[in-house]
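Me: I'd like to go through this model with you piece by piece. Can we take it as questions and answers?

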Amino acid sequence: MNLGQFLQTLIGTLIGTLVGGFVVIFTNWISARRTRRENIQDWYKQTYLTEGVDPLITFFVDIAFRWNWSEQRLMSLEDVPVAALAKIQVLLDSDVLTWIARDIQNFLTGKEIDVNTQLTLVDLGNCLLDLRKELLKIIPTQVNEKNYQVVLPGFKQKFETIYRKLEHQNMENRRKGIR
């Protein structure tokens with residue numbers, strides 16, 4: 001074997017080794033990035049869905065469960081899921097659900113509730129279910145870091161509208177002497 005063939009073989013081997021090494025490094029980098037993204041998405045789901053939206057859905061379903069149809073009253077509520085309210089407050093950048101839960105606890109428990117208020121509470125439950133569905137769509141496609149602020153089009157406004165309806169219905173009922 002002459003020197004030219006030896007150098008050609010050596011250079012080919014070196015280039016092959018370098019390219020193979022870069023491929024392995026690049027593949028590991030992509031895999032680590034994907035794993036990191038999946039971990040962040042799991043954290044986001046755990047924080048905002050499992051510990052945020054889901055307990056609130058449970059709370060508002062509990063309200064429906066505690067509805068006494070014969071007396072048209074809401075039976076006493078136990079614990080308000082404060083930690084879940086705080087997480088959704090961060091997610092929506094609004095404390096509107098906290099105010100709704102406070103009003104339900106203070107103004108509706110043990111009192112007669114008119115049909116409009118009942119329907120508003122149904123709207124609230126549906127809005128929370130829609131929020132959950134929207135988060136399930138957004139998290140896999142957009143969330144890449146824990147501090148990512150998701151854009152939830154219209155949910156803050158929907159909850160604010162529900163809050164205003166409950167406040168208005170509460171004032172109307174007081175004026176009519178229902179409560």
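Me: Leaving aside its neighbours within four places in sequence, which residues is Phe60 in contact with?

Reply: First, some ground rules: this is a predicted model, where local features need pLDDT of at least 70 and side-chain atom pairs count only at pLDDT 80 or more, while totals for chains, interfaces and linings use all residues. Residues are numbered from 1 along each chain as its sequence is written, and side-chain values use heavy atoms, with hydrogens and water left out. Contact means heavy atoms within 4.5 Å. With neighbours within four places set aside, the contacts of Phe60 are Ile100, Ile104, Leu124 and Leu128.

Me: In what order do the elements of the protein chain run?

Reply: Helices (H or I, at least four residues) and strands (E, at least two) are DSSP runs, numbered from the N terminus. The chain comes to five helices and two strands. From the N terminus on, the order is α-β-β-α-α-α-α.

Me: How far apart are the end C-alpha atoms of α5?

Reply: The expected span of a helix is 1.5 Å times one less than its number of residues. For the 22 residues of α5 that should be 32 Å, which agrees with the end C-alpha distance in the model, 31 Å.

Me: What arc do the buried residues of α5 cover around the axis?

Reply: The buried residues of α5 are Phe155, Phe159, Ile162, Tyr163, Leu166, Gln169, Asn170 and Asn173. They sit on the same side of α5, judging by the arc they cover, taken from the directions from the helix axis to the C-beta atoms. Their cover includes α2, α3 and α4, while the face turned away carries the exposed Met171, Arg175 and Lys176.

Me: Which residue just after α2 takes a positive phi?

Reply: Start with the helix: Ala84, Leu85, Ile88, Leu91 and Leu92 are buried in α2. Seen down the axis, these buried residues fall within an arc of 120°, so they line one face of α2. On the other side, Val82 and Ala83 are exposed. Just past α2, the residue with a positive phi, about 55°, is Asp93.

Me: Why is the pair of Trp43 and Tyr44 edge-to-face?

Reply: Rings of Phe, Tyr and Trp (its six-membered ring) pair if their centres lie within 6.5 Å; planes under 30 degrees apart count as stacked, over 60 as edge-to-face and the rest as tilted. The structure holds four aromatic pairs. In the pair of Trp43 and Tyr44, the centres are 6.0 Å apart, and the pair is edge-to-face because the planes are at 65°.

Me: How far apart in space are Pro140 and Glu38, C-alpha to C-alpha?

Reply: Pro140 is found in α4 and is partly exposed, with a relative accessible area of 37%. Beyond its neighbours within four places, Pro140 is in contact with Arg37, Gln41 and Leu135. Pro140 and Glu38 are 102 residues apart in sequence, and their C-alpha distance is 8.2 Å.

Notes. Buried means under 20% relative accessible area, exposed over 50%, partly exposed in between (1.4 Å probe, protein chains only).
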